[in-house]
Amino acid sequence: MNEKIWLSPPHMGGKEEKYVEDVFASNWIAPIGPYVDQFEKMLANYNEVQHVAALSSGTAAIHLALIILGVQPGDEVICSSFTFAASANPIYYLGAHPVLVDSEPETWNMDPELLKKAIESRIRSGQKPKAIVLVYLYGMPAMIDEILDIAREYNIPVVEDAAEALGSTYKGRKLGSFGDIGVYSFNGNKIITTSGGGALVSEHGEYVEKAKYLSTQARDPALHYQHSQIGYNYRLSNVLAAIGCGQMEVLDDRVARRREIHRYYQEKLSSIQQIQFLPEPKDYFSNRWLTCITVQGNEGINLKICQNLQNENIEARPLWKPLHIQPSFKQATVFSNGVSEQLFDYGICLPSGTAMTEVQLERVVKAIRNALCSKRK
Ligand SMILES: *Cc1c(COP(=O)(O)O)cnc(C)c1O
């Protein structure tokens, strides 16, 4: 059997282990310490944002973002429907109600027209949404200008879920720096990783101060443990921040390599008429976290190809299943247009790890070609 090709495995840059040794030498084995500070500085510089809180996960960052924006039980929060469940789960943690908005076909992200329709409809029902969680799927920027205009028109704050989009830009500016709050993830499968981790960023210093306070059990200034609010244990470990500092040093290389892998697949597969890629519109720069294709054919063709790849020991998956057809979101309010369901039915994520070799890339391309040829027979 050929060696396993994973979808998006961790890829260390080389300095991480040395920095972790440094942590052990200094005994800062705690959710506080010099590497946490350093990692936050590096993230602030890279993304050109003023303030950063390093947290234990991207999910924790979304949870705190919604608390900071004042989401209360019974409130409604808009979220992209075409995303990973972690984008919207924190809405339920707060006893709030998700309003799921479908995608447009240009970028696969939240459809601005449908967003406007959703806001107006919820306002007519006497439930003005409290916040918008805007997701950048697979690293592709959304129609940000249009969405921010609508959010401003109705005065609703925006949380950017840039968990998959670290290093992507829109009109030259890093994703995560457009909204009221931006969120990143450093989970094991993301473009860089701390094994598990996340960050909350904002131009509003008081939001990030609040995130640091809430993520460290909401301790009031006092010698004894004094609390006037419910807190969380959501701060990033200094051990993991050391890994993060090593990873930040190679982030631009990782973005370049993911884009190169995307170009490779495009070159080798675009001669097959059934296969389409998501183009990058003008002013859009995607980190191409995962290369995704859609395949024309009978329903279930994507599952068949994934199965074929699996047989070759290659990990591939359908695109995210839209939240509005997930059992766990069946109570949510939905504004759909069929776009994300179509993508789920015909889309595939291809192995896109930055440590992939040419030989491995060739194996994937060959397996896809074989899957499509055998289908015709
Ligand atoms: C990974 C991911 C998250 C969650 O991040 P974690 O660090 O794994 O908690 C949230 N949203 C999207 C779109 C993601 O891909």
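Tutor: The model is a predicted one. Helix H5 (residues 112-124) packs against helix H6 (residues 144-153) with the axes 9 Å apart and an angle of about 15°.

Student: Is H5 roughly parallel or roughly antiparallel to H6?

Tutor: The axes of H5 and H6 make an angle of about 15°. Angles under 35 degrees count as roughly parallel. Therefore H5 is, relative to H6, roughly parallel.

Student: How many residues of the contact of H5 with H6 are charged?

Tutor: From H5, the residues Pro112, Leu115, Lys116 and Ile119 take part, and they meet Glu146, Ile147, Ile150 and Glu153 of H6. By class, five are nonpolar and none polar, and the number charged is three.

Student: Where on H6 do its buried residues lie?

Tutor: The buried residues of this helix are Ile144, Ile147, Leu148, Ile150 and Ala151. Viewed down the axis of H6, they fall within an arc of 160°, so what they line is one face of the helix.

Student: Which strands are included in what covers the buried residues of H6?

Tutor: The cover includes helix H5. It also includes strands S4 (131-135), S5 (158-161), S6 (169-170) and S11 (284-285).

Student: Is the crossing of H2 and H8 left-handed or right-handed?

Tutor: Helix H2 (residues 34-47) and helix H8 (residues 238-248) have axes that come within 8 Å and cross at roughly 35°. Their contact holds eleven nonpolar residues, three polar and no charged. The crossing of H2 and H8 is left-handed.

Terms used: Residues numbered from 1 in each chain as written. Predicted model: local features only at pLDDT ≥ 70, side-chain atom pairs only at ≥ 80, totals over all residues. Heavy atoms only, no water. Axes fitted to C-alpha atoms, helices over the stretch in contact; angles between N-to-C directions. Helix = DSSP H or I, 4+ residues; strand = E, 2+ residues; numbered from the N terminus. Left-handed = near helix turned anticlockwise from the far one by under 90°. Nonpolar A, V, L, I, M, F, W, Y, C, P; charged D, E, K, R; others polar. Parallel < 35°, antiparallel > 145°, perpendicular 65-115°, else oblique. Contact = heavy atoms within 4.5 Å. Buried < 20%, exposed > 50% of the residue type's maximum accessible area, 1.4 Å probe, protein only. Arc of directions from axis to C-beta.
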